[in-house]
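Student: I'm new to this structure, and I'd like a close look at a single part. Could you walk me through one region and what lies around it?

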Amino acid sequence: MPWRYSLRCFNCHTDYPARTTDHVCRKCGGLLEITFDISPRRIPWKNRSLGVWKYREILPIDDDRFITSLNEGGTGLHRCERLGRELGLKYLYVKNEGENPTGSFKDRGMTVAISKARELRKRKLVCASTGNTAASLAAYSAKAGLECIVFVPAGKVARGKMLQVIIHGARIFQINGDFDQAMASVIELTEHRKGFYMMNSLNPFRLEGQKTLAYEVCDQLTNKAPDALVLPVGNGGNISAIWKGFNEFYDLGIVTRRPRMNGIQAEKAAPIANAVKRRQDRITPVVNPQTLATAIRIGSPVNWTKVLRAINESEGTAETVSDREILTAQKDLAAKEGIFVEPASAASIAGLKKIREGGELDRSDVVVCVTTGHGLKDPSIADRLRRTESYNLKITEPNWIRRLEQVL
Ligand code: F0G
């Protein structure tokens, strides 16, 4: 059983019944979020193994019978000594979310949202997506035996992600426009037809799953929060959810401090980073956003209010990175640490480099970079890489070993 929770407007604090399926406040239009009754108490999960459902009491599913899982979470927190040395950081870690069942962090949220959908007896699940949400929703819908409908920007989704959506049997609507238009269509559809259940990060239950990344990082650092977290930002659900997670562990008395939250965006798709840099309290949407990191090609993020609050409250910052910087970071992480991530995820490493150069991090800070999706999702990047050394070797020749030694 979960601890007591309710649904509350993030802006005006109006309470809603826990079974409501609205995602914005009827009074002020603010985003809704789940609030748990949290105060320091005995922690029941200490001896359980790492993963999203380790923290079952603090996840808003009322009945265990509806829990649908593909074994998500429990991802590695990798100490990166070689890359850390180059960046002048003694304690650099990568929390590699590509290790999740469908290869991205979305699975953390999806296991909770799909369980809630079953609990609410919803049968038609819908999302707008740049690819990963769609892939994750398609897999979890297959597992639960529910109908999955995804809206994607035509021609702008990486091939690996499209393949996942197709193989899991989802129905795909390719929108002649970008992600922001796909998102607007899904909002309109779910407002007018209550039979369709919204599975984007506007759905507060999904964010509850995503907050578990913060819990895991604290557990993996033996009850300590890092000094700084660095992660890519698109629609803004993840950074807000993770900040909520750190706050909950802080309120429970498990950790005694919270990290600075640093959001990274691609230079031509950076409404949030632009607002943070200009010290504005609202974003200006970017029309026709562009980046090869298609996962974060978003100009009008729906969770922007939550993101600005997370960055400001935590005294973090935001940074922009170019496509070239993203590709360099992707190669660096793969070649120096053995971790292959998709371009959007590499943006966190590229952004970290810039934040470090800007003097905002100390050498002895504990820094965690979140890499959000697996590199194999986007094979198109191969065309942009410098060709690696490869040789034709005729192993039928008797002296082939000597020939090999000649080139090595
Ligand atoms: N990294 C990856 C690999 C993503 O797929 C996304 C978002 C983000 C970062 C940004 O996370 O939106 O919570 O700020 N992908 C969404 C999708 C938009 O449809 O898959 P966010």
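Tutor: Happy to! Let's start at threonine 222, which follows helix 7 and has a positive phi, near 45°. Please keep in mind that this is a predicted model.

Now step back into the helix itself. Helix 7 covers residues 212-220, and eight of its nine residues are buried, so the rest of the structure largely encloses it. The buried ones are Thr212, Leu213, Ala214, Tyr215, Glu216, Val217, Cys218 and Asp219. Their cover includes strand 5 (91-96), helix 2, helix 6 (204-210), helix 8 (237-251) and strand 13 (366-371).

Arginine 121 follows helix 2, and its phi is positive, near 60°.

Helix 2 (residues 106-119) also meets helix 3 (residues 132-144): their axes come within 9 Å and cross at roughly 45°. That angle makes helix 2 oblique to helix 3, and the crossing is right-handed. On the helix 2 side, the contact is made by Lys106, Asp107, Met110, Thr111, Ile114 and Arg118. Helix 3 contributes Asn132, Thr133, Ser136, Leu137, Tyr140, Ser141 and Ala144. Sorted by class, this contact has five nonpolar, five polar and three charged residues.

Conventions: Residues are numbered from 1 along each chain as its sequence is written. This is a predicted model: local features need pLDDT of at least 70, side-chain atom pairs count only at pLDDT 80 or more; totals for chains, interfaces and linings use all residues. Side-chain values use heavy atoms; hydrogens and water are left out. Axes are lines fitted to C-alpha atoms, for helices over the stretch in contact, and angles run from 0 to 180 degrees between N-to-C directions. Helices (H or I, at least four residues) and strands (E, at least two) are DSSP runs, numbered from the N terminus. Angles under 35 degrees count as roughly parallel, over 145 as roughly antiparallel, 65 to 115 as roughly perpendicular and the rest as oblique. A crossing is left-handed if the near helix is turned anticlockwise from the far one by less than a right angle, and right-handed if clockwise. Contact means heavy atoms within 4.5 Å. Ala, Val, Leu, Ile, Met, Phe, Trp, Tyr, Cys and Pro count as nonpolar, Asp, Glu, Lys and Arg as charged, and the others, Gly among them, as polar. Buried means under 20% relative accessible area, exposed over 50%, partly exposed in between (1.4 Å probe, protein chains only).
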